[in-house]
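Student: Could you guide me through reading a helix and the sheets around it?

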Amino acid sequence: DYLDETEEDIDDIVASRYSRKRGHLTSGLSTNSPESSDRKWTYLNVPEKDGDTTSINSMLSVYSETGDYGNVKVSGEILLNINYSYKTGALNILVKSCRNLAVADEKKQRTDPYVKAYLLPDKSRQSKRKTKIKSNSTNPEFNETLKYVISHTQLETRTLQLSVWHYDRFGRNSFLGEVEIPFDSWNFENQGDEWFVLQPKVEVATDVGLQYKGELTVVLRYIPPDRNLMLPLGQFQGKKSFKKGKKGDSRVPSGGILEVLIKEAKNLTAVKSGGTSDTFVKGYLLPDDSKATKHKTPIIKKSVNPHWNHTFAFGGLNSRDIRNVCLELTVWDKESLSSNIFLGGVRLSTGNGVSNGKEVDWMDSQGEEQHLWQKMIDSPGVPVEGILMLRSSMGKRR
């Protein structure tokens, strides 16, 4: 039945039921954390403890973007002041006002506007922020700050989407326009107010491979063959995966070595009752996808923000090999009585579509995947770290 409700009605239902169950509404569901709140937040304002918002996950599974698009001719502007605190890692979006908004309800000649924000590509409830609704105004004054806690490195990969809506208590909310602000080239030194012209909704076919499924933090290091001979055995964190000699001694792999430190993941999909997942990462160095070369991390139970700090090591790689292989890392939920559930994955390679002269589907790295791999190649022997957005599918990207 919730699917027939408007977005705001769903929010009200969820909020009221959750507050009755817990006795109060936590800041995990509010538009903004109160200034006096001492709640600790991790990336994208997801509560530090996974369980803080999980009791409402079943209801949120039916939540979707609803409302009327295109029924109102978009007009007007929105006044924003955007700043970033490097000290606290907080992105603060001060929504000051709008002017010359369209009249949403022709019959009543009124507009009851509010502003909604997402940090794309994350369209989850954790990423959503909203202002209060202003009654009957096409020139509303909001003066509300929408806050995100996010590292500057990750912020550069995000786009702020702000949309203005008319709230209809008895029908579907009406879309009044939006702005999208990419932060890859945003100047945070300029902290002045700025007017943005509201734009109509543009329907874009989304690449399923780019749907937001969370993030994976990895550290890569390629040790060329000539440097491998100079490193002590104890420096190989992944030596458990090396072949054993007859007497059980670990042998240093021949050739160059690729070390992959799987640090952590954030905002993974919760698939178990209670809103958690039992997560692990599996790794292959394509084109070799045999069981003999497969690597796996330990399983971290009941967490959608797991920390593994586990190293994979692949040996026998010369400089030519490293340009013709692809590191495929996939994240899974461990199921004891059924097949494991795929939660997302990444591929790290040159991304040129070719391996050893042959066209292959899996050499399809893009963006940060491709950038991090090239950075590793350009810095032999040096660890390079990156935060990668998980793909929702490991099929070839369009």
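Tutor: Let us begin with the helix: in H6, the residues Glu369, Leu372, Trp373, Met376 and Ile377 are buried, where buried means under 20% relative accessible area, exposed over 50%, and partly exposed in between, with a 1.4 Å probe and protein chains only. This is a predicted model, in which local features need pLDDT of at least 70, side-chain atom pairs count only at pLDDT 80 or more, and totals for chains, interfaces and linings use all residues. Residues are numbered from 1 along each chain as its sequence is written, and side-chain values use heavy atoms, with hydrogens and water left out.

Student: Why do the buried residues of H6 line one face of the helix?

Tutor: In general, an α-helix has 3.6 residues a turn, so residues three or four places apart point the same way. Here, seen down the axis of H6, the buried residues fall within an arc of 140°, so they line one face; the arc is that of the directions from the helix axis to the C-beta atoms. On the other side of H6, Gly367 and Asp378 are exposed.

Student: What covers the buried residues of H6?

Tutor: The cover includes strands E9, E10, E14, E15 and E18 together with helix H5 (319-322), contact meaning heavy atoms within 4.5 Å. Helices (H or I, at least four residues) and strands (E, at least two) are DSSP runs, numbered from the N terminus.

Student: In what order do the strands of the sheet with E9 and E18 lie?

Tutor: Strands of a sheet pair through backbone hydrogen bonds, either parallel or antiparallel. In this case, an open sheet of four strands has the order E13-E10-E9-E18, with antiparallel pairing, and two strands pair if DSSP finds at least two bridges between them. Its edge strands are E13 (307-314) and E18 (384-389), each pairing on one side only. Helix H6 (residues 367-378) packs on this sheet, touching E9, E10 (257-266) and E18, and its direction makes about 170° with that of E18; axes are lines fitted to C-alpha atoms, for helices over the stretch in contact, and angles run from 0 to 180 degrees between N-to-C directions. Strand E9 (residues 215-223) is joined to E18 over six bridges, and Leu220 has Val384 in E18 as its bridge partner.
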